[in-house]
Amino acid sequence: MSGSDLIENRTFDEIEIGDSAMLEKRLTMEDIKLFAVMSGDVNPAHVDEEFARSSRFHELIAHGMWGGALISTVLGTQLPGPGTIYLGQTLRFRGPVTLGDQIRVKVTATEKDEQKGRITFACEGRNQEDALVLDGEAKVLAPTDKISRPRAVMPTIRLAEEGHLSEMLADADAQEPTTAAVVHPVDIESMQALDIAVQRRLIRPVLVGPLARMQAAADDAGVDISGFEQVATQHSHGAAKAAVDMVSSGDVAMLIKGGLATDELLGKLIDPRNGLRTEREPSQVMAFDVPTYPRPLLISDPLVNIHPTLFEKRDIVSNMALLAHALGIHEPRIAMLSSSEAIDPKLSSTLDAAAICKMADRGQVKGAVIDGPMAFDAAISAATARSRGLESPVAGRADGLIAPDLEAASMLVKQLSHLADARGAGLLMGLRVPVVMSTRDDNVASRLTGIALARCYLAHLEHAGRDAIMSAAG
């Protein structure tokens, strides 16, 4: 067994004055929620973003004792380690710990009581800027016997809760169902998602594809499709064409991609000859709940525009703003991403970002608060924005991120999905109808989220007036 698989203590006799140990931990939204669940401390300063914005810190902060728990971790697992008995702890909280902060906790032996076997430790916690956020003193009864134990493997915990995005989409259930063409639903996930969507009264589906393959998928999924309208085609190519024709004729208000290749459907959708294009360039807007971020996060464009021009980026921003409004984000904060905040003539993304911001100042791009160029970390981390001296209404609290090109957007989306456990879906915007562009890897929950996004968007258009909204988007 390797050393990293063991927890070993240091006895009273082995510890000298000045000996120290430390650990580092990054604060995530899941940390805050787990601590609130465990302790019952649901102080709105920690768990209610709207309240936190009106507080003195203007954002969510960690529970003070979360830092205290990190000190306990060091004392119980490193110095002195197993066998330590906690006798007392004082703490002074010197500054807030906010989401994304990297906290370094250190304990240092300052006094030994030989008669009682007690050790006093100075304790401190500093953030990534080396600013002191807490300090204090701990008194422990140190172990006298050497202990070496296998490190316990703890279970992975996933909070069973609805995210911010799910909360925003909850009202979609109460709407009158929308007629939607489901294109080539020959896979189990598509069938299960549309079945739930029908139960929630989100859609009135029209299944478009080979009848035998659709029925086989429905049987495998345990879904009864006998009551659904069905349009027979021989293959996926025909299903894509038939669905687009249904939009052109006004028979459906939404398209939902099933088990066909993305390029196969996308080519039909964006072909100007098919009559689905509008005055705006189409783009995909991804909407995510990210466990480490306190609000839904929108990202564009990982699907359509490979190297978007300045005016295509303008439309990409407008499409994102429209979806944000539909979600109830009335003034979305949108960051134009690049590798840094400095304008560099060698980096076209910085020039485009600056131009988009100036267009917004002059009313040529409407419906959002826009800033850039901005690096990803500055856009989503208030601590990073502060350390760089950025004074911006967007930095550190962006609602939306516009990537400089399709490759960057695609990598960002996949990194968040696979490394940050982000959950959400994408919606193709800028066409006459919203299109749910699920991938073959998307599970039922993701597909259902996409359908709810489209329904929420359509409800917003119906409520506020399609023409007024399109005009306001610029």
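Five strands make an open sheet, and their order is S2-S4-S5-S6-S3. The pairing is antiparallel. Strand S2 (20-26) and strand S3 (85-93) are the edge strands, since each pairs on one side only. On average, neighbouring strands of this sheet are turned by 20 degrees against each other, direction ignored. The model is predicted.

**How strands hold together in general**

- Strands of a sheet pair through backbone hydrogen bonds. The pairing can be parallel or antiparallel.
- In a regular strand, side chains alternate between the two faces of the sheet.

**S4 with S5**

- Strand S4 covers residues 102-113, and strand S5 covers residues 118-126.
- Nine bridges join S4 to S5, and the two run antiparallel.
- Look for Lys106: Glu124 in S5 stands opposite this residue.

**S5 with S6**

- S5 and S6 also pair over nine bridges, in the antiparallel sense.
- Arg118 stands opposite Leu141 in S6.
- S5 and S6 form a hairpin with five residues between the strands.
- In this hairpin, Asp130 takes a positive phi near 65 degrees.

**S6 with S3**

- Eight bridges join S3 to S6, again with an antiparallel run.
- Ile85 has Leu141 in S6 as its bridge partner.

- Helix H4 (residues 64-77) lies across S2, S3, S4, S5 and strand S6 (132-141).
- H4 runs at about 140 degrees to S3.

**The second largest pocket**

- The second largest pocket has a volume of about 720 Å³.
- Its lining has 30 residues. The closest to the centre of the pocket are Glu59, Ile380, Ser381, Ala382 and Gly396.
- Which helices each supply at least two residues of the lining? They are helix H3 (49-53), helix H12 (376-380) and helix H13 (382-387).
- H13 gives the largest share of the lining, four residues.
- By type, the lining divides into 15 nonpolar, eight polar and seven charged residues.

Conventions:
Residues are numbered from 1 along each chain as its sequence is written. This is a predicted model: local features need pLDDT of at least 70, side-chain atom pairs count only at pLDDT 80 or more; totals for chains, interfaces and linings use all residues. Side-chain values use heavy atoms; hydrogens and water are left out. Two strands pair if DSSP finds at least two bridges between them. Axes are lines fitted to C-alpha atoms, for helices over the stretch in contact, and angles run from 0 to 180 degrees between N-to-C directions. Contact means heavy atoms within 4.5 Å. On a 1 Å grid over the protein atoms alone, a cavity is a set of points where a 1.4 Å probe fits but cannot get out, and a pocket is an open set with protein on both sides within 12 Å along at least five of seven lines; lining residues have an atom within 4 Å of a point. Grid points are joined across faces, edges and corners, and a volume is the space filled by probe spheres set on the points. Ala, Val, Leu, Ile, Met, Phe, Trp, Tyr, Cys and Pro count as nonpolar, Asp, Glu, Lys and Arg as charged, and the others, Gly among them, as polar.
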